[in-house]
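How do you read a protein model piece by piece? Take a look at the structure below, then follow the text.

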Amino acid sequence: MSTQFDFGIVNGNAVRWCHSFAKKMTERGAISARDFGSGAVRNATDSLADMVEGKVAELAFAQMVAANTGIRPEVNFNIYENPLVTDTGTDLPQVRVRNECLALRGSIDVKSTRSRSHWLLVDHFRFHSDVFVVVKAMMPDDIEKSEEHWPDLFRLGVRCKVVGFAYRHDFLDAQTGMPRYLFKAGERLFNPNTGDLIGPKLKSRLNYGMPINDLRQTPDEWFELFRWIRSSVFYGAALA
């Protein structure tokens with residue numbers, strides 16, 4: 001995985017680990033059955049697939065950072081017993097540098113999405129990270145409904161593409177400080193290229209949006225982010 005935006009592979013063993021983690025979270029009731037920000041209830045298969053996809057995306061971005069900086073972000077596999085306790089928007093709280101595990105002071109929220117998606121959406125409850133990264137994970141379209149795909153994914157892995165990123169302030173109008181694109185529950189997204197409405201009605205009460213094509217994604221912008229990550233490493237006492 002490199003800044004040339006090539007597709008990378010999160011290998012099958014890593015996918016299996018993500019699945020095992022998500023299964024433990026589900027069995028312990030550490031995943032809320034409700035969509036965050038709405039009253040919709042998801043079944044266990046849907047919740048598990050969603051969490052696996054999210055962790056796969058985080059691993060794909062961690063691989064990209066490691067390939068370009070020598071710093072390897074550590075994906076958060078902590079199990080929170082209370083569904084109301086979260087990672088507070090820090091998907092990659094630690095990094096490994098020269099075999100030392102160090103804290104990362106900046107917060108990074110990695111968002112997984114499908115190849116056809118046009119938007120990066122952030123629920124307003126979760127709009128507190130410094131950086132939002134979009135990864136397109138090539139998961140089967142019906143993975144939320146069927147478990148038959150997992151053996152192949154454990155064997156072959158998942159192809160991913162780290163598409164781009166946005167700083168928190170990129171979502172906001174430079175003059176007013178208000179969100180550039182605001183979507184409410186019951187509204188639908190639109191195709192940024194044509195203006196046509198797309199997708200189902202949104203469930204979450206309030207969402208901040210950014211078109212995928214507006215994300216930062218040039219090599220210079222990626223290297224700027226890598227410098228920011230390096231500067232965010234806390235070189236204090238190593239973590240256990």
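Predicted model: local features only at pLDDT ≥ 70, side-chain atom pairs only at ≥ 80, totals over all residues.

Residues are numbered from 1 along each chain as its sequence is written, and side-chain values use heavy atoms, with hydrogens and water left out.

Start with the sheet. Strands of a sheet pair through backbone hydrogen bonds, either parallel or antiparallel. Here, 3 strands make an open sheet, ordered E6-E12-E9, with antiparallel pairing. Strands (E, at least two residues) are DSSP runs, numbered from the N terminus. Two of them pair if DSSP finds at least two bridges between them.

Which strands stand at the edges? They are E6 (119-123) and E9 (182-184). Each has a single partner strand, so one side of each lacks a neighbour in the sheet. Now look at E6 and E12 (residues 206-211): 5 bridges join them in the antiparallel sense. In one of these pairings, Leu 121 has Gly 209 in E12 as its bridge partner.

Next, find the loop between strand E3 (94-97) and strand E4 (100-104), where Arg 98 lies. Asn 99 lies in the loop between E3 and E4 too. Most residues other than glycine have a negative phi. Arg 98 is not a glycine, yet its phi is positive, near 50 degrees. Asn 99 is not a glycine either, and its phi is positive at about 70 degrees.

Key. Helix = DSSP H or I, 4+ residues; strand = E, 2+ residues; numbered from the N terminus.
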